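Please load the model in a viewer and keep the selection tool at hand. The stops below are given in the order in which they may be selected.

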Amino acid sequence: MATFLYKLGRLAFRRRRYVALIWVALLALAGFGAASASTATSSSFSIPGTEAQKAFDLLEQRFPDSSADGATARVVFKAPDGQKMTDPANKAEVNKIAGELKSGSDQIASVTDPYTAGAVSKDGSTAYVSVSYKVNSMELTDATRGALEDAGHTAQKSGMTVEIGGDALQVMPETGATEIIGVAIAAVVLVITFGSLIAAGLPLLTALIGVGIGVSTITALANVLDLGSTTSTLAMMIGLAVGIDYALFIVSRYRAELADGREREEAAGRAVGTAGSAVVFAGLTVVIALVGLAVVNIPMLSKMGFAAAGTVAIAVLIALTLVPAMMGFAGKRVMGRKARKAAEAGNRPEAKPNMGTRWARFVLRKPVWVLLAGVIGLGAIAVPAASLEMGLPDDGSQPTSTTQRRAYDLLSDGFGPGFNGPLMVVVDTANSSDGKTAAKQVSDEISGIPGVVAVTPAQFNKAGDTAMITVVPKDRPSSTETENVVHAIRDTGKDIKSDTGAEVLVTGSTAMNIDFSQKMNDALLPYLALVVGLAFLLLMLVFRSVLVPLKAALGFLLSVVAALGAVVAVFQWGWLGSLFGVEQTGPIMSMMPIFMVGVVFGLAMDYEVFLVTRMREAYVHGEKPGQAIVTGFKHGARVVTAAAVIMMAVFAGFIGSSEQMIKMIGFSLAIAVFFDAFVVRMAIVPAVLALLGQRAWWLPRWLDRLLPNVDVEGEGLRKELGETPEGGTSRDGYGGDAEGERELIRV
């Protein structure tokens, strides 16, 4: 692989104008596609194989006019102090607004009258108008949204409080200025790392081009592929982070090759052939982990994974082609002024022990203490993960500045928390001898379930073979008590089916969220096993060792569980919540743990490969195990530190998002990268390698013969370039005497 990438890097450097032109053309093409694409008309959410989805599909089939997947809104009114919503003036105002809503758009399916539908609170302080639409929220026109937003303006003038809830006003999440701050921090880190504005600008420029192509392509295909609003945001988050990191590795190696006196084209080829191999492997692991999300069988999650994986693949291709092309334009200006002058004069400054060298020597002196501190520290942070509760957010998790959140709070105060998440019970009486009796029995049984405050009479369809019953739980939609109510209704339904033949199914947004969370919970451990198993196999292939991959996989598990513990502490328990803008604690986003596992897996392998391949290079070429660790840190620690800080800055930039899901994923990825890069890879890994010594690189001979040689270290490339002297054998079978091979390593 290294030989092929070496040739690719030289070709891209030599034909840099054509390569740059191709990528700019692709960016323009993707941008044109995004600008001319129609707005996504759908953002469907389905969970195949669950009861809630089965009930939803049945509703669409048996109640074709009900617009089961249509958008909904609730216009909530609160009377001024000392008044009631039943006062004649207030009642007249509400009826007037309901009439205006009916005639305000042809997309409206129905508008309820709160005074005949029982939508006035017992104390008379609060009332609401329910609005149902024929299309989903993504298909609503601006005129329809405008009519809804204007609905309460006249009422507000009369002193009433008016807020609007539901998904009809759903908009794209805002990330705010913190995202830009993340990129700015990345730029500062790059300047400090390289000491050159040109070298710092290269990774930023190429990463932005890659993200531009990826996100524009997603936007262009959103309508065709039914992509949700958060898909492009997550692709941007991951693509930007890995794009900067991959380019950073290539540029860093290029500068090292120039410092060794290589010609520019040769230096670019070697940089892509060596560091590029690590980039390909790291990118491949991220892509596999993201595509592997498809095994969960949630279409929305699969599409998010595929979209993010596509952006990562673009980042890898750009690192291997556009980065060497841009290095061709930059010339030797990628090096700082002092380094350029030294190189031109043929002087090599004396290598002083850097921070990485000093840290590695400290770990070698105290491996047991460093290992214990790292494991115990992460273990303590991981403790809250045992209390992990998963769910999906509702309007109650929105910022208090939004009308959706204020409408949620008004309904909770006036009618009770459960009113924000009513359950829809569907009774299929097609196989029942007496459907009406069966439906009444269902209503009576549900009324007696603890935690249920209201049950509406059954409403049959025209054919008379299906009934809908609305159930209002006592507690808020995302609570454990409401989940218990759903399970109790389903248990009751099983008994009713055996007695009457009528099938009872529970759906609605609350039930959908519960089923989604359960499915994600069930998939987490199998997916984790798949990812860790894959990590073990891939690293065994790269490092030709059994214990090094085992240590890497266990370290990855430790960092992921610790990150989950931190997420639970902040978002579920509320510790330091105000610092991260958490206004409402609650269950952890159902898809967040599994998504975090997929992304962090790839990033962890990124740092593992970059650090440990340097150590293996040194060991293979004759250095003692301890000295090999120091050599690996001498050349890799600075770049890995910069890469981790950049990635943390980019991810942390999304904590400022108004969308709870984006905020949570941004925090979880930032903290997971911190734990994995600085605690696991920088402390636990060298400590374990120091304790294992030569045994760390042990591989059974039969397994050594079976495993293909992917040449991530560039050993084959050096042989092809004629740099490996003949004669002698290194300790693991590579040709060349140890002393001679030490001279051949270019780091």
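Begin by selecting Lys663, which is buried, with a relative accessible area of 8% (buried means under 20%, exposed over 50%, partly exposed in between, with a 1.4 Å probe and protein chains only). This is a predicted model, in which local features need pLDDT of at least 70 and side-chain atom pairs count only at pLDDT 80 or more, while totals for chains, interfaces and linings use all residues. Residues are numbered from 1 along each chain as its sequence is written, and side-chain values use heavy atoms, with hydrogens and water left out.

Lys663 lies in helix α22 (helices are DSSP runs of H or I, at least four residues, numbered from the N terminus). Next, display Ile655: its backbone oxygen lies 3.0 Å from a polar atom of the Lys663 side chain. Beyond its neighbours within four places in sequence, Lys663 is in contact with Phe571, Phe580, Gly581, Phe654, Ile655 and Ser657 (contact means heavy atoms within 4.5 Å).

Then follow helix α22, residues 660–692, to Leu691. Leu691 is partly exposed, with a relative accessible area of 38%.

Finally, colour the chain by pLDDT, the predictor's confidence in each residue, from 0 to 100. The chain averages 81, and 88% of the residues score at least 70. Confidence is highest in α14, at 94, and lowest in helix α25 (residues 738–744), at a mean of 33.

Definitions and conventions
Helix = DSSP H or I, 4+ residues; strand = E, 2+ residues; numbered from the N terminus. Polar contact = N/O pair within 3.5 Å; in protein donor to acceptor, adjacent residues only side chain to side chain.
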